[in-house]
Amino acid sequence: MISADHKSSIWWRDIVSIEFHSSCLPLWFSNSHKRQLGYGTSTSFWYEAWTRNLTIKESFPHLYYISDHILVSAADMLEFMVENQSSSGCWRRRLFNWEEDFLATLMDKLREVQLQPNCPDRWCWKQDNSNSFSVASAYNFLINHQQQGMGVDSPPTWIKHFWNSVVPS
């Protein structure tokens, strides 16, 4: 889920507010972008959804709760677990047999991951072929869903909220 605090730009706070004010299409913005690994050094191993639509924490909660490395990058954990062919030293205690099965599944997924050494990690916008966010692509996504009857509030509700900012003319 996305969030914004008082330090965030007004543009970002507006995007976040649409997410929370769209009662019929919750998490539309959070589900419209994905993390693409490059080096893997600026992507959180546990907290960012870089392997499918879920975070590793959400996919493997039992392993997360016993992990000794919570604030680790994807690159560091991949190097530690996959390249060393070991996960010893990652856990606060010895794994139970059923947790070993989760670990085997996780290791299988991690072996499929290829870091891109010449490419930084980046966010990709799923609603545009260029993978780049634009206000127009977000607006078109919301309007298309509203027109298809897929549950976006009628434009007066969310457009009034979003565009009801004081802008100098």
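Trainee: Is aspartate 108 buried or exposed, or something in between?

Mentor: In this predicted model, aspartate 108 has a relative accessible area of 46%, so it counts as partly exposed. The cut-offs matter here: buried means under 20%, exposed over 50%, and partly exposed lies in between.

Trainee: Which residue forms a salt bridge with aspartate 108?

Mentor: A salt bridge needs a side-chain nitrogen of Lys or Arg within 4 Å of a carboxyl oxygen of Asp or Glu. For aspartate 108 the partner is arginine 111, with the closest N and O atoms 3.1 Å apart. Both residues belong to helix α5 and stand three residues apart, about one turn of the helix. Arginine 111 is partly exposed at 40% relative accessibility.

Trainee: How many salt bridges does the structure hold?

Mentor: There are three. One of them joins the side chains of arginine 35 and glutamate 48 at 3.9 Å, N to O. Arginine 35 is in strand β1 and glutamate 48 in the loop between β1 and α2, so this pair ties together parts 13 residues apart in sequence. Both arginine 35 and glutamate 48 are buried.

Trainee: What is the distance between arginine 93 and glutamate 99 in their salt bridge?

Mentor: Their closest N and O atoms are 2.8 Å apart. Arginine 93 is partly exposed at 33% relative accessibility, whereas glutamate 99 is buried at 2%.

Trainee: Which residues make the nonpolar surface patch?

Mentor: Phe96, Trp98 and Phe102 make the patch, which covers about 300 Å². Phenylalanine 96 sits in the loop between α4 and α5. Patch residues need over 30% relative accessible area, and phenylalanine 96 has 44%, which is partly exposed.

Conventions
Residues numbered from 1 in each chain as written. Predicted model: local features only at pLDDT ≥ 70, side-chain atom pairs only at ≥ 80, totals over all residues. Heavy atoms only, no water. Patch = residues over 30% accessible without salt bridge, like charges linked within 9 Å, V, L, I, M, F, W, Y side chains within 5 Å. Areas by Shrake-Rupley, 256 points an atom, 1.4 Å probe, with all protein chains shown as cover. Helix = DSSP H or I, 4+ residues; strand = E, 2+ residues; numbered from the N terminus. Buried < 20%, exposed > 50% of the residue type's maximum accessible area, 1.4 Å probe, protein only.
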